[in-house]
Amino acid sequence: MLIQKLRLQRGWSQQQLAELSGLSVRTIQRIEQGQTASTESLKSLAAVFEIDFSSIHTEDTMDDSSYAQETQHALNRGVSLDEELAFRHVQDLKRFYLHLIRYVLVISILAIINFVTSPHVLWVLWVALWWGVAILFHAARVFMLFPFFDAKWEKKQVEKRLGRSL
């Protein structure tokens with residue numbers, strides 16, 4: 001686990017980490033064994049290790065389209081589903097903007113290479129076009145331009161299927 005690795009890199013015992021973070025030794029042991037931790041516990045550990053909370057949050061391997069898994073995950077972490085969804089949306093926005101920055105930088109470099117090596121054949125336009133299409137699909141997903149793919153729609157469909165009204 002990441003916590004154990006960070007702790008060992010600093011040469012701390014579980015007892016020392018517990019004292020520094022304000023958590024119990026048993027909580028540290030559980031987290032290092034891979035059990036889920038509350039948001040507050042993870043924030044305490046992130047502060048002790050002086051790292052960003054999102055880098056210590058290791059539960060990002062869930063399937064985005066599973067409402068039941070998201071609900072269970074949120075309950076395990078001790079946060080509401082709305083908070084979990086908001087956190088995931090912010091992570092998606094961050095990934096999109098990083099994707100967009102990479103696109104601009106790489107296409108700029110490829111354009112320079114294209115104009116220097118073979119200005120009469122603009123092959124860079126094909127790369128920019130297809131990668132641009134991928135960026136548009138990414139934006140459509142992140143900015144929920146297709147509302148029938150987001151978690152709220154899934155929740156509504158689950159409730160409808162179970163005969164409950166929202």
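## Surface and overall fold

Accessible areas come from the Shrake-Rupley method with a 1.4 Å probe; for residues, only the protein chains shown count as cover. The protein exposes about 10,900 Å², of which carbon and sulfur atoms supply 62%.

This is a predicted model, in which local features need pLDDT of at least 70, side-chain atom pairs count only at pLDDT 80 or more, and totals for chains, interfaces and linings use all residues. Residues are numbered from 1 along each chain as its sequence is written, and side-chain values use heavy atoms, with hydrogens and water left out.

The protein has nine helices and zero strands (DSSP runs numbered from the N terminus: H or I of at least four residues for helices, E of at least two for strands). Of its 166 residues, 32% are buried (under 20% relative accessible area; exposed is over 50%, partly exposed in between). Among contacts (heavy atoms within 4.5 Å) between residues at least 6 apart in sequence, 51% join residues at least 24 apart.

## Serine 21

Serine 21 belongs to helix 2, residues 14-21. Serine 21 is buried because its relative accessible area is 10%. Its side chain reaches the backbone nitrogen of leucine 23 at 3.3 Å. Beyond neighbours within four places in sequence, serine 21 contacts Ile28, Ser44, Leu45 and Val48.

## Phenylalanine 146

Phenylalanine 146 sits in the loop between helix 8 (124-142) and helix 9 (151-161). With 40% relative accessibility, phenylalanine 146 counts as partly exposed.

Key: Buried means under 20% relative accessible area, exposed over 50%, partly exposed in between (1.4 Å probe, protein chains only). A polar contact is a pair of N or O atoms within 3.5 Å; within protein, one must be able to donate a hydrogen and the other to accept it, and residues adjacent in sequence count only if both atoms are side-chain atoms.
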